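Subject: The structure you asked about

Hi,

Here is the structure to open up on your side. Have it on the screen while you read, and click on the residues as they come up.

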Amino acid sequence: MDDSLVTSVARVVHLAIPDTCDETLQNGGVTLASKVFATSYLTGTFVLRSGLTADRYFDKYRFESDPALLAEIVRELVPLVPAGTDGLAGLELGGVPIATVLSAATGLPAFFVRKQAKKYGTERICEGGEIEGQRLLIIEDVVTTGGQILLSAQDLRGGGAVVAHALCVVDREAGGAEVISGEGIELRSLFTMSDLESS
C-alpha cells in the first residue's frame, strides 16, 4: 500500500476498531499475545484429529469469536498487508471472520474461499466477485502444515488470480511457512506459537 493509503487505512482502523487495551505491549502489561493465548489455550481431555488424546488444546475459534480481541488482532494485521494487494481471500472457515474485519479496516474487498465448490447456484469455489487478474492475499487464522493454503492457492490461481502472499494470526512453526514458500508464497504471521507460549 502507498503512503496515502496507509494514512487513510490508519484513520479507518482508528475509527472503526475501538482501542480496548491501553496497557497492551507497555512495561510488562497485558500483551496482545498473552490475551490470545489466555483466551484460546484450554486444559482438559481432548480427542485430536489424529485420534490421540491430549490434555491441552489451542482453540483458535475463541479469539476469532471475541469481537474486542478480534478488533485488536486486525489492527495489528493491517501493517502486514503487502503493498499492491487487490483483495483478501479468507479461507473456510477460520480465515473468513478475519478477512471480513480486515476488509472493513483496509477497504480492500473480501473473497471467501471454500474447501470444495458448492454443487448448486454459481458453483463457485471462491465467493465475492471476479478474481481473474486480482492480486489476492490469502487470509488464514492458524497455519500448521500449510496444506490448505496450497490447495486454495491452486484454486485461486486456476481462476486467474495472482497469489504470492498469505497472512495468518498464528504460525504453529510446524513447517507450513517452508512448504508454501516452495510454491512461491510468502507467509506473514502476527505471532508464532512460541510467541504465545512465552507471553
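Below is what turned up, going from the whole chain down to single residues.

First, keep in mind that this is a predicted model. The chain has 199 residues, and 42% of them are buried. If you take contacts between residues at least 6 apart in sequence, 57% of them join residues at least 24 apart.

Rolling a probe the size of a water molecule over the atoms shows where empty space is left. The largest pocket holds about 950 Å³ of space. Its lining is made of 30 residues, and Arg49, Lys60, Val142, Thr144 and Arg172 are the ones closest to the centre. Which elements supply at least two residues each to that lining? Look for β1, β2, α3 (60-64), β6 (135-143), α6 (147-158) and α8 (193-197).

Leu48 sits in the loop that runs between β1 (41-47) and β2 (53-58). Together with Leu52 and Tyr57, Leu48 makes a nonpolar surface patch with about 270 Å² of accessible area. Leu48 counts as partly exposed because its relative accessible area is 30%.

Now for charges. Side chains of opposite charge can pair when their charged atoms come close. There are 9 salt bridges in the whole structure, and these are some to look at:

- Arg56 pairs with Asp55 at 3.7 Å, N to O. Arg56 is exposed, since its relative accessible area is 52%.
- Arg62 pairs with Asp59 at 3.4 Å, N to O.
- Glu130 pairs with Arg124 at 2.8 Å, N to O. Glu130 is exposed at 57% relative accessibility, and Arg124 is partly exposed at 30%.
- Arg114, Lys118 and Glu127 are joined in a salt-bridge network.

One more pair of residues shows how the chain folds back. Asp155 belongs to helix α6 and is partly exposed, with a relative accessible area of 31%. Asp155 and Cys126 are 29 residues apart in sequence, and their C-alpha atoms are 8.3 Å apart in space.

Most residues other than glycine have a negative phi, and most peptide bonds are trans.

- The peptide bond from Glu92 to Leu93 is cis, with omega near -5°. Leu93 is in the loop between β3 (87-91) and α5 (95-106).
- Glu123 is not a glycine, yet it has a positive phi of about 55°. You will find Glu123 in the loop between β4 (110-113) and β5 (126-127).
- Glu173 is not a glycine either, and its phi is positive at about 60°. Glu173 lies in the loop between β7 (162-171) and α7 (176-181), and at 44% relative accessibility it is partly exposed.

Cheers

How values were computed
Residues numbered from 1 in each chain as written. Predicted model: local features only at pLDDT ≥ 70, side-chain atom pairs only at ≥ 80, totals over all residues. Heavy atoms only, no water. Patch = residues over 30% accessible without salt bridge, like charges linked within 9 Å, V, L, I, M, F, W, Y side chains within 5 Å. Areas by Shrake-Rupley, 256 points an atom, 1.4 Å probe, with all protein chains shown as cover. Salt bridge = Lys/Arg side-chain N within 4 Å of Asp/Glu carboxyl O. Helix = DSSP H or I, 4+ residues; strand = E, 2+ residues; numbered from the N terminus. Buried < 20%, exposed > 50% of the residue type's maximum accessible area, 1.4 Å probe, protein only. Contact = heavy atoms within 4.5 Å. 1 Å grid on protein atoms, 1.4 Å probe; cavity = no way out; pocket = protein on both sides within 12 Å on 5 of 7 lines; lining within 4 Å. Points joined across faces, edges and corners; volume = space filled by probe spheres on them.
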